[in-house]
Amino acid sequence: KETEETCQNEELGSEYLEAVRTLVKSMKNCPGLTGAVFEIPAFRKTVDLGVNLLADTDEATDAKLGQACKDAADAGDEDTIRAAKQSELDERTISGLPEANEGALSILGLCPTCVGADHGAAVTGHKRKCFRAGGVINSTEVSDDCLGSNVLAVCVVDRSLAEHNEAKTTVAPPAP
């Protein structure tokens, strides 16, 4: 069953990419749309922070995740760093994202796809999705019952496709 679900997800991804490819090609025929820039989020770091998933709204939690990344930004990233979206984590669309959560805390991503299981005691009416410490980061390993008070934010910067390709080619190859 797991293999079947994975293959269905890959088929949907392939269909989506084909639709994007078709859209990009058709944009050449539209005046004023030739300057579109596609960006790829690039992993920078994880940052630990305190949240209150019972008392805070999703917007308040998302603001805390974003601020934690801004506060921990390295020189040159201050204006561009942001917290990763839950969907980017689920689908692993972040360049350089580790395969697993190597931290001791659960990773939270930004909404709107952050909604977990129902929970009447939470102001939002639900728990959040997260990736548990030591767990794999992908859509099949995401937990939907997170209420932790200490979590990790995944901090990213958006790179243009050209910047992404340049970064890939400037990385030194591993020693033989």
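**The disulfides up close**

Reply: Let's start with Cys 69 and Cys 155: with -90° about the S-S bond, their link is left-handed. This pair connects distant parts of the chain, 86 residues apart, with Cys 69 in helix H2 (residues 58-71) and Cys 155 in strand S7 (residues 150-160). Helices (H or I, at least four residues) and strands (E, at least two) are DSSP runs, numbered from the N terminus. The sulfur atoms of Cys 69 and Cys 155 are 2.1 Å apart, and a disulfide here just means a pair of cysteine sulfur atoms within 2.5 Å. By that rule, you get 3 disulfides.

A quick word on the ground rules. This is a predicted model, where local features need pLDDT of at least 70 and side-chain atom pairs count only at pLDDT 80 or more, while totals for chains, interfaces and linings use all residues. Residues are numbered from 1 along each chain as its sequence is written, and side-chain values use heavy atoms, leaving out hydrogens and water.

Next up, Cys 130 is bonded to Cys 146, S to S 1.7 Å, and with -55° about the S-S bond this link is left-handed. Cys 130 lies in strand S5 (residues 126-130) and Cys 146 in strand S6 (residues 143-146), so the pair ties together parts 16 residues apart in sequence.

Then there's Cys 111 with Cys 114, sulfur atoms 1.7 Å apart. The torsion about their S-S bond is about 60°, so this disulfide is right-handed.

As for where they sit, Cys 69 and Cys 155 are both buried (under 20% relative accessible area, with exposed being over 50% and partly exposed in between, using a 1.4 Å probe and protein chains only). Cys 111 and Cys 114 are buried, and so are Cys 130 and Cys 146.
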